[in-house]
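Trainee: Hi! Could you walk me through this structure before I start on it?
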Amino acid sequence: MSNLKARLLAATVALALGASLASPTLAQTTDPMVGGAAMYPTKTIVDNAVNSADHTTLVAAVKAAGLVDTLEGPGPFTVFAPTNEAFAKLPPNTVPMLLQADNKPTLVKVLTYHVVAGRLSTADLMAQVQAGGGKATLTTVEGEPLIVTSDGGTITLTDTKGGMSRITIADVNQSNGVIHVVDTVLMP
C-alpha cells in the first residue's frame, strides 16, 4: 500500500472512530421527542405534555378533569398517555361528551385509569410480566386493574373491558415519573 493510501486510510479510520465516540455522548444527552417536542427529564409530566402536538386532547382532558395540580406534583407516576389518534378511535362525540362539566367524574375515572403510582420503566414492566408467567397486573390510580403482556417486542395493556393498547414510545422520563405513549384509550 502506498504511503498516501495508508495516510488516507488512517485519516478515515480516525474520523470514523471520532464520530462513533461522539455519537454515544450525543445519544445520551438528546431528550426524547414526542409529538414534535423534546421531552425534558427535568420537567413534570404536565410541563412536557403541553408541548406535544400529539397530546392536545389528553392535555385538554387533564385540565377539564382538574388533574393538572396532581400530575405536576411530586409523584412519582407512570402515565400511559394516549395520543390524539387514540382519542379519535373512540366512538363519535365521546371526547366532547367527556369534556362537559357534568361528566367530570367519568373523565377523572378514565384518565386516572391511565396512571399507576410509582415510576415503572419498560424494563420494570417486562420484569413483572416475566415474574407473572407472561402477564402482570397493575393497580391504577383509578383503582381497577390493568393487565400488561408482551410478545417480546411490544408491550400491550389490556383494560377491564378487554380493550388493548400498545406502548408506542416508551420510557419518556419526567421529573415526577415516566410517560409511555399508547395508541388506544383504555377504559375502566
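Predicted model: local features only at pLDDT ≥ 70, side-chain atom pairs only at ≥ 80, totals over all residues.

Trainee: Okay. How many helices and strands are there in the protein?

Mentor: There are eight helices and nine strands. Both are DSSP runs numbered from the N terminus, helices being H or I with at least four residues and strands E with at least two.

Trainee: And what percentage of the residues is buried?

Mentor: Of the 188 residues, 39% are buried. Buried means under 20% relative accessible area, exposed is over 50%, and partly exposed is in between, with a 1.4 Å probe and protein chains only.

Trainee: Now the sheet. What order do the strands take?

Mentor: The order is β4-β3-β9-β8-β7-β6-β5, seven strands in an open sheet with mixed pairing. Two strands pair if DSSP finds at least two bridges between them. β4 (115-117) and β5 (135-139) are at the edges with a single partner strand each, so one side of each has no neighbour in the sheet. From one strand to the next, the twist averages 30 degrees.

Trainee: Which way does β4 run against β3?

Mentor: They run antiparallel, joined by three bridges.

Trainee: What about β7, which way do its side chains point?

Mentor: I155 and L157 point one way, T156 and T158 point the other way, and all are buried. In a regular strand the side chains alternate between the two faces of the sheet.

Trainee: How many bridges join β7 to β6, and how many to β8?

Mentor: Four bridges join β6 to β7, and three join β7 to β8. Both pairs run antiparallel. S150 stands opposite I155 in β7, while T156 has R166 in β8 as its bridge partner.

Trainee: Which glycines take a positive phi in those hairpins?

Mentor: In the β6 and β7 hairpin, with four residues between the strands, G152 has a positive phi near 105 degrees. In the β7 and β8 hairpin, with five residues between the strands, G162 has one near 90 degrees. G162 counts as partly exposed, at 44% relative accessibility.

Trainee: Switching to helices: how do α3 and α7 cross?

Mentor: The axes of α3 (residues 56-65) and α7 (residues 104-112) come within 9 Å and cross at roughly 125 degrees. Axes are lines fitted to C-alpha atoms, for helices over the stretch in contact, and angles run from 0 to 180 degrees between N-to-C directions. α3 and α7 are therefore oblique to each other; under 35 degrees would be roughly parallel, over 145 roughly antiparallel, 65 to 115 roughly perpendicular, and the rest oblique.

Trainee: Which residues meet there?

Mentor: L58, A61, V62, A64 and A65 in α3 meet K104, L107, V108 and L111 in α7. Contact means heavy atoms within 4.5 Å.

Trainee: And which residues of α7 are buried?

Mentor: L107, V110, L111 and T112 are. The cover over the buried residues of α7 includes α3, α6 (94-98) and β4.

Note on methods
Residues numbered from 1 in each chain as written. Heavy atoms only, no water.
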